[in-house]
Amino acid sequence: MTNAEAAEILGRIADLLAISGANSFRIRSYRQAAESLESWGEEIEEVYAKQGLQGLRNIPDIGKSLAEKLEELLTTGQISLYQELLAQFPDGILELLQVPGLGPRTVALIWSELEIGDIDELEQAARRQELRELPGLGPKSEEKILASIARYRQGMQRALLGEILPLGEQLVSYLRDHPRVIAAELAGSARRRRATVGDLDLLATSEHPEEVCRDFAASGLLEEVTMAGDTKVSGLLAGGRSVDLRVVAPESYGAALQYFTGSQAHGVALRTRAQKMNLTINEYGVFKQRNGETGEKVAGATEEEVYAAVGLAWIPPELREDRGELEAAADGTLPDLIELADIRGDLHMHTTSSDGKCSLEEIAEACRQRGYNYIGITDHSPALRVAGGLTEEEIIAQIHWLAWRRTY
DNA sequence: GCCGTTTTCGGCCCGACTGTTTTCAGTCG
């Protein structure tokens, strides 16, 4: 039982509790515990073997009850609460939550009223126009659900950062060119440089957000606009990748950039810290708070200001995952991130002698200009003749050439 | 269900948008 597997089960318990209408704070406890387990450095199997129940309780967001549930999971392979919840609902109910726009309340409603327990049944009911009879749902909801099911079935996976960044930069440059836009930036997991990115989040600042939103929605960059307000536009790129744009006033730009860069866990931790200092943070700024009343604004125009307002150094987006970066920013012990200039060499390069794109000379010159200390030329051997593998003599010639160039 | 330089009880991050509502619940990020 890995931490990731245990976290998955706690997450499903949270979903099932939500559908069954449990206390929302109890549900959140399971979600937080799941997140905590995922980022915990040591496997809970080892923790439990060494320190027992108390060891589990030392993990953040794991208290008495959840430690006991994890103990049950580790010793019996299951959690009775999970089995009981599963028995209450059909197998497909959790998949219903994967449909965009369908939350636990709606899933609970369609299950209790229409006994709809999977996506196929939901689609049929929507086509028969039965959903509109339910309280709180209407024809528009039916339409949206059908569209969401189609989108869900099409399936949009997270994409590699390298595939996403060019798309994001294209959208950002549209915004920067807009006459009403003062500044624009990529936010979300793309700005945090996560290895994979799901949605593209964009932030812009303007004195006239409604014009920017209107024009962005009409720009043709989005194949489909799913939501368009005065400060927010959501839509889909050709191919189905979803995009969210938020536009805020300049005095809130830093707060909004912080807010929409995330991660969710980092933001929650930051706002919790602010609360303890009688401050409240939202996407418009940092405000003093007294007896639940929001007072004077103390920061918001830049991210540096926002972090400084809660006694922290500015935290690079790459570190914003709630894995100790707040504590490090408070102590002044944030690590220096690796920069391009730190790269001292490259040990895997092919030349045009086999299947590379540049000649040995071009590569050597480009690396010299980058200030590399060393390079490794790794052309194919004769064993891979199809990729233009080099003979022994050709490799020796490369070595001679490189040795000669060292004096250059 | 967790947690504690306000507290062992009583809080728990915050706001935009939509659809279905005559004032708000649900969902999302």
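## Salt bridges, helix packing and a surface patch

E8 is partly exposed, with 44% relative accessible area. Here buried means under 20% relative accessible area, exposed means over 50%, and partly exposed is whatever falls in between (1.4 Å probe, protein chains only). What you're looking at is a predicted model, in which local features need pLDDT of at least 70, side-chain atom pairs count only at pLDDT 80 or more, and totals for chains, interfaces and linings use all residues. As for bookkeeping, residues are numbered from 1 along each chain as its sequence is written, chains are lettered from A and ligands numbered from 1 in the order in which they are written, and side-chain values use heavy atoms, with hydrogens and water left out.

**The overall picture**

Chain A has 18 helices and 12 strands. Along the principal axes, the C-alpha atoms of chain A fill a box of roughly 80 × 60 × 55 Å. Of the 408 residues in chain A, 39% are buried.

**Salt bridges**

Back to E8 and its partner. The side chain of E8 meets that of R12 in a salt bridge, 3.1 Å from N to O. To count, a side-chain nitrogen of Lys or Arg has to be within 4 Å of a carboxyl oxygen of Asp or Glu. Side chains of opposite charge can pair when their charged atoms come close. Both E8 and R12 sit in helix α1, 4 residues apart, which is about one turn of the helix. An α-helix has 3.6 residues a turn, so residues three or four places apart point the same way. Like E8 at 44%, R12 counts as partly exposed, at 29%.

R132 and E142 also pair through their side chains, with 2.7 Å from N to O. This pair links distant parts of the chain: R132 is in the loop between α8 (119–127) and α9 (139–154), while E142 is in helix α9, 10 residues apart.

Elsewhere, salt bridges that share partners join D120, E123, R127 and R153 into one network. Across the whole structure, a search finds 19 salt bridges.

**How some helices pack**

The axes are lines fitted to C-alpha atoms, for helices over the stretch in contact, and angles run from 0 to 180 degrees between N-to-C directions.

| Helix pair | Axis separation | Angle |
|---|---|---|
| α1 (residues 3–19) and α5 (residues 80–88) | within 10 Å | roughly 45 degrees |
| α2 (residues 24–39) and α4 (residues 64–76) | within 11 Å | roughly 60 degrees |
| α1 and α4 | 12 Å | about 120 degrees |

With axes that cross at roughly 45 degrees, α1 is oblique to α5. Angles under 35 degrees count as roughly parallel, over 145 as roughly antiparallel, 65 to 115 as roughly perpendicular, and the rest as oblique. By that scheme α2 and α4 are oblique to each other, and α1 and α4 are as well.

Handedness comes next. α1 passes α5 in a left-handed crossing, meaning that the near helix is turned anticlockwise from the far one by less than a right angle; clockwise makes it right-handed. The crossing of α2 and α4 is right-handed, and α1 passes α4 in a right-handed crossing.

**A covered helix**

Helix α13 (residues 253–261) is mostly covered, with 7 of its 9 residues buried. Those buried residues are Y253, G254, A255, A256, L257, Q258 and T261.

**A nonpolar patch outside**

Which residues form a nonpolar patch on the surface? They are I338, L340 and I343, with about 360 Å² of accessible area together. Patch members need over 30% relative accessible area and no salt bridge; like charges are joined within 9 Å, and nonpolar side chains (Val, Leu, Ile, Met, Phe, Trp, Tyr) within 5 Å. The areas come from the Shrake-Rupley method with a 1.4 Å probe, and for residues only the protein chains shown count as cover. I343 sits in the loop between α16 (325–331) and β11 (345–349), and is partly exposed at 34% relative accessible area.

Technical notes: Helices (H or I, at least four residues) and strands (E, at least two) are DSSP runs, numbered from the N terminus.
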